[in-house]
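Subject: Handing over the structure

Hello,

I am passing a structure on to you, and I hope you enjoy looking through it. Please open it first, and then read my notes alongside it.

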Amino acid sequence: MNSRSPILQLRKLTKTFGSFTAVKEINLDITEGEFFTIVGPSGSGKTTLLRMLTGMESATSGDILLRGARINDLPANKRPTCMVFQSLALFPHRTVGQNIEFSLKIKNVAPDVRKARALQLMAQLRLPQDYYGKSVTKCSGGERQRVALARALAYDPDILFFDEPLSAIDYKLRKTLEKELKDIHRETGKTFIYITHSLEEAMVMSDRIGVMRAGQLVQVGSPQQIYSAPETKFVSEFIGDVNVMAVTAKGSSIVHAAEFGVDIASPAVPAGFTAGHLVVRPESLRFIENRSGAENCLEGRLYNEYVLGSRIQYQVRVHDHVFIVEKLRQQAFAGQRDDNVLIGWDAKDSILVTD
Amino acid sequence: MNLAKTIGPGTRHALPILLFLLVGFAAPLLAVIGFSFIPARSFSLWQSWSLGNYIEIFNSTSYLSFLWSLGLAAVTVLILAMICYPIAYGLARVFGKYATLVTLLFTIPLFVSENVRLYGWVLFFIKNGVLLGTLKAWFGIEPESWLFTNGIIVFGMVYVYLPFMLFPMTLGVSMVPDQTRDAAFDLGATRWQVFKEVELPLSMPGIMIGFLLSFVLAVGAIAEAKVLGGQQIIPISHDIEIAFTYAQNWPLGAALSVLLMLVVGTMVLLVLRRFDLDAILGRR
Amino acid sequence: MNSLAPRWRTSLIWAWTAAVVIFMYLPGLCLLLASMTSSRYFIFPITKWGFAWWEKTFASLEIHQLFQTSLLIAFCVTVIAVTIALFGALAFARYDWKGRSIYQKIVLLPIFFPQSVLGLSLLLWFNALGLTMSWQTAVFAHLVWIVPVCTLVISIQVYSFDPALEEAAFDLGATKWQVFREVTLPVLFPGIFSGALFAFLLSWGNFPLSLYTTGADTTIPEYLYAKMVAGYTPGVPVLGTVSTVGAAGLLLVGYAIIVMLRRRRAASDQSEV
């Protein structure tokens with residue numbers, strides 16, 4: 001699809017505010033044409049990182065290389081990159097057309113050329129042509145998203161940055177816009193760098209995902225890798241509901257869970273792993289009739305159930321530890337609240353992670 | 001690094017106004033402080049300094065003017081609070097789309113010199129004026145004019161400083177989220193309890209600023225006593241003016257000003273220090 | 001909910017507000033009545049109605065001179081105040097910076113100061129500098145009080161300004177100056193406009209600062225005061241009425257413009273929710 005050369009390279013990129021380190025020694029290569037998403041909880045430094053990449057914040061140390069050239073000291077208005085803001089930052093005193101044409105006007109492009117380009121972008125983003133003279137303040141949420149994107153595309157940037165632009169949009173429209181955005185990415189072939197706190201959103205759109213925590217990138221990989229092979233407890237929990245047990249290494253593929261006083265069959269324990277966590281996804285846990293039904297088994301009490309549309313989750317309490325078991329609706333579990341139940345899983349469905 | 005980067009955008013934008021206030025506000029105040037220490041009835045700063053003017057103030061009856069000013073201001077503020085709260089409540093909660101218009105109606109008088117407006121009251125209250133003339137013509141009664149009494153001075157101050165109480169108070173009252181009010185009702189509070197436990201504490205910042213603003217302005221008031229009060233009472237500002245003009249005793253006037261500034265400045269700093277102006281003004 | 005509030009209380013609040021509004025305008029009405037008499041002294045009820053004093057006042061060269069001085073001062077104050085206050089307001093509400101909290105209090109301090117004392121302090125200060133009092137010193141004196149007010153008025157608009165707008169324009173290739181001209185200025189315009197209106201009207205109606213700092217020049221409020229104290233003629237209420245009605249008219253026109261601007265934006269708030 002695209003050439004595989006890196007368009008953006010970060011080398012030990014760091015930002016400190018006084019004694020607080022917001023972004024710590026980030027190394028990352030972004031490939032030309034890639035849809036890369038940075039995910040992290042609020043306060044993880046992802047916005048600061050993005051602001052450094054766009055030139056709105058200066059880096060404390062380290063390098064930002066665009067096609068090999070260092071751009072640390074290039075101000076935002078000189079960088080061939082552009083951002084779609086969280087608030088969208090549409091100019092309220094301008095029409096849809098004037099918003100889209102803003103960067104062209106700044107470059108002194110002739111009015112008729114500007115208008116042609118704006119109309120072309122509006123067509124591409126499925127905005128009606130008669131919106132050209134409409135005030136942006138009269139547009140709906142989804143339309144405003146498209147105007148913001150068109151305005152950024154009109155700048156013809158090498159890289160487009162997105163600062164959680166969909167966070168304020170209701171669920172249903174967000175799902176539509178996520179897919180639209182991925183289609184636009186495909187059509188334009190540009191490099192997209194997107195930040196969000198929602199891994200779910202990142203999964204839908206991204207070629208690769210980087211997970212940030214406390215100013216550092218803790219794991220980078222494809223959505224598939226992040227989902228099926230989280231390296232730390234943090235990443236595994238970030239994905240959604242997971243069952244996590246504190247464990248210590250006991251054999252080549254046996255760990256001990258002190259909380260339950262049992263040994264657990266696990267995937268191969270890596271060299272050097274002494275203590276960590278065993279992660280089992282809710283859909284990998286199942287209710288079993290007797291202890292031979294699975295490689296690992298715990299006995300607990302069925303506490304509550306939650307219907308999630310096509311799926312149902314069950315809360316099972318083993319001592320005070322809460323486990324979540326998830327089943328498809330068609331395969332609903334027949335147990336009643338406060339029943340004693342056995343839950344089990346196989347070693348291949350669990351993941352060993354460090355802290 | 002150029003200058004623009006090293007001092008930051010906030011400081012840079014604040015610089016013009018700060019420089020201006022340094023020359024136009026701080027320097028004159030320093031000049032006044034300087035003048036207050038030079039011998040009485042002299043006009044040059046460059047001579048031996050002393051506390052003579054202050055000693056003279058404490059040996060004279062000027063403190064009476066101070067007490068009058070503070071007392072009248074306190075009474076004014078209390079009356080204003082009672083007059084303004086229902087209106088502030090209305091502006092924040094009841095008037096809806098008419099709130100801007102009502103605000104405007106209260107704003108317009110601010111732009112007419114207070115002397116002129118007070119003179120309107122003179123025409124109203126004076127013998128053969130609008131009030132007494134009407135009473136005489138219609139009912140044949142001729143009560144004494146209320147002009148030149150102490151009560152009319154308070155009346156004039158209430159009139160002039162009403163917007164200064166009303167607007168901050170409105171900001172304060174509109175800081176109370178509807179839902180907290182509803183929640184309190186829902187939890188069984190009576191109307192009075194909601195007012196006392198929820199509305200009053202939450203609107204306190206605005207109310208306090210309204211109190212402060214109207215009190216401070218009323219302490220410095222001069223026109224009400226001169227125009228309506230017929231110089232029965234000499235408020236402190238009038239004392240200061242007399243020292244500067246008729247008495248040609250600038251150092252004494254300066255010393256009185258310094259004392260007034262101390263009273264006002266202390267109050268302003270004490271009250272403002274407690275509040276986050278961003279929350280009151282921006283409601284972000 | 002609001003709709004559950006008893007109707008009588010809503011009515012009572014309306015009635016009370018209406019009464020206080022009438023109270024606010026009663027003196028203006030008295031001035032108007034007093035101006036419409038043909039006799040030399042004010043006796044109510046008026047027996048000889050007439051506009052003789054209006055004609056006399058408008059024909060007077062002295063009054064024309066007063067208008068010119070007052071207008072000149074108010075105009076200069078408006079231009080300078082808005083310029084300083086716009087930047088002051090950005091520092092007040094737009095930027096997060098270390099000294100901001102103290103800065104906000106410093107800026108507000110002159111508003112809380114008795115104006116007569118402020119006027120006298122400025123007189124002392126100008127005198128110490130060896131300046132002669134004239135309309136120029138009055139402009140300066142007005143500014144000391146009006147710049148903070150103006151800053152406060154513009155700040156309220158700045159608080160609702162999204163700084164991302166500036167960043168977005170900058171990100172789209174605009175220079176700092178283009179950002180200011182194309183985005184900051186037009187978006188803040190309603191606030192700047194109200195600030196200018198306030199500056200003009202407050203300068204126009206100011207008495208305590210003018211009294212000590214105009215020197216040989218005279219403004220309308222000063223003239224009126226002098227005439228009230230000694231030498232009342234029905235010209236006093238005429239001029240008082242003119243300045244009241246003038247202020248009200250200017251404010252209403254300004255208000256209409258702001259409403260128009262706001263209406264254009266009202267939709268934006270709705271669609272953002």
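First, some housekeeping. This is a predicted model, in which local features need pLDDT of at least 70 and side-chain atom pairs count only at pLDDT 80 or more, while totals for chains, interfaces and linings use all residues. Residues are numbered from 1 along each chain as its sequence is written, with chains lettered from A and ligands numbered from 1 in the order in which they are written.

How the chains meet

Which chains share the most contacts? Of the two pairs of chains in contact, it is chains B and C; two residues are in contact if their C-beta atoms, placed from the backbone, lie within 7 Å. Here 77 residues of chain C are in contact with 75 residues of chain B. Several helices of chain C each supply at least two residues to that side, among them helix 3 (61–94), helix 8 (176–205) and helix 11 (235–272). Helices (H or I, at least four residues) and strands (E, at least two) are DSSP runs, numbered from the N terminus. The largest share of the side of chain C that touches chain B comes from helix 1 of chain C, with 15 residues. By class, that side of chain C has 58 nonpolar, 16 polar and three charged residues. In this scheme Ala, Val, Leu, Ile, Met, Phe, Trp, Tyr, Cys and Pro count as nonpolar, Asp, Glu, Lys and Arg as charged, and the others, Gly among them, as polar.

Chain A meets chain C as well: 23 residues of chain A are in contact with 21 residues of chain C. Strand 6 (81–84) and helix 2 (96–106) of chain A are the elements that give two or more residues to this side of chain A, and helix 2 of chain A gives the most, with three residues. The side of chain A that touches chain C divides into twelve nonpolar, nine polar and two charged residues. Chain A and chain B, however, do not touch, and their nearest C-alpha atoms are 11 Å apart.

Chain B

Chain B has 14 helices and zero strands. Its C-alpha atoms fill a box of roughly 80 × 70 × 30 Å, taken along the principal axes.

Helix 4 of chain B is worth a look. A kink of about 35° lies at Cys84(B), shortly before the proline Pro86(B); the bend is the angle between axes fitted to the seven residues ending there and the seven starting there. After helix 4 of chain B comes Gly96(B), whose phi is positive, near 55°.

Two helix pairs in chain C

Helix 3 and helix 6 of chain C pack at an angle of about 40°, with their axes 6 Å apart. Axes are lines fitted to C-alpha atoms, for helices over the stretch in contact, and angles run from 0 to 180 degrees between N-to-C directions. The contact of helix 3 of chain C with helix 6 of chain C has 24 nonpolar, five polar and one charged residues.

The axes of helix 5 and helix 6 of chain C come within 11 Å and cross at roughly 135°. Residues making this contact include Leu118(C) and Phe126(C) of helix 5 of chain C, and Ala141(C) and Trp145(C) of helix 6 of chain C. By class, the contact has six nonpolar, three polar and no charged residues.

Best wishes
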